[in-house]
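Trainee: I am new to this structure. Could you walk me through the terms as we look?
Mentor: Gladly; let us open it together.

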Amino acid sequence: GNIFPFLPGKSIEGNAKLEVKLVMDNGTPLSKIEVDVGEKPGPPPTGGFAVTNEKGIATFNIRPGNYVIYYNLSTFPKNLEWPERGPGIKVQVDENKVNEKTIMMKTK
């Protein structure tokens, strides 16, 4: 569930699917890592919070649109390095397809 209070009008829940995969640079999937999706980094909107499974995939059911993928500083493993400067990785989500984004991590 979402630990942030519900913000009216801030839900991005919808019928489009986004799968964000976190893998190490050696191909190992990263499980149990919180991934957030929103229009901009911050407390994740309703629908914009997921945790990766054993295959490293966090699944979101959200509205089509342009989003950024980011992470929660307080839960993100300290030994891992987010691959791009700034927390947000841009992603476009289209209807009627599984939108996939793989993010490659490396250790610090």
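Mentor: Two strands pair if DSSP finds at least two bridges between them. Strands are DSSP runs of E with at least two residues, numbered from the N terminus. This is a predicted model, in which local features need pLDDT of at least 70, side-chain atom pairs count only at pLDDT 80 or more, and totals for chains, interfaces and linings use all residues. Residues are numbered from 1 along each chain as its sequence is written, and side-chain values use heavy atoms, with hydrogens and water left out.

Trainee: What makes β1 and β8 a pair?
Mentor: Eight bridges join them in the parallel sense, and the definition asks for at least two, so they pair. For instance, K17 stands opposite V98 in β8.

Trainee: Why do β6 and β8 count as paired?
Mentor: They are joined by two bridges and run antiparallel; at least two are needed, so they count as a pair. E81 has K106 in β8 as its bridge partner.

Trainee: What makes β4 and β6 edge strands?
Mentor: The sheet is open, with the order β4-β1-β8-β6 and mixed pairing. β4 (57–62) and β6 (80–81) each pair on one side only. On its side, β4 meets β1 (residues 13–24) through seven antiparallel bridges.

Trainee: What is meant by the largest nonpolar core?
Mentor: A nonpolar core is a set of buried (under 20% relative accessible area, 1.4 Å probe, protein chains only) Ala, Val, Leu, Ile, Met, Phe, Trp, Tyr and Cys residues joined through side-chain atoms within 4.5 Å. The largest has 24 residues, and F60 and I69 have the most contacts inside it. β1 gives the most to this core, with five residues.

Definitions and conventions: Helices (H or I, at least four residues) and strands (E, at least two) are DSSP runs, numbered from the N terminus. Buried means under 20% relative accessible area, exposed over 50%, partly exposed in between (1.4 Å probe, protein chains only).
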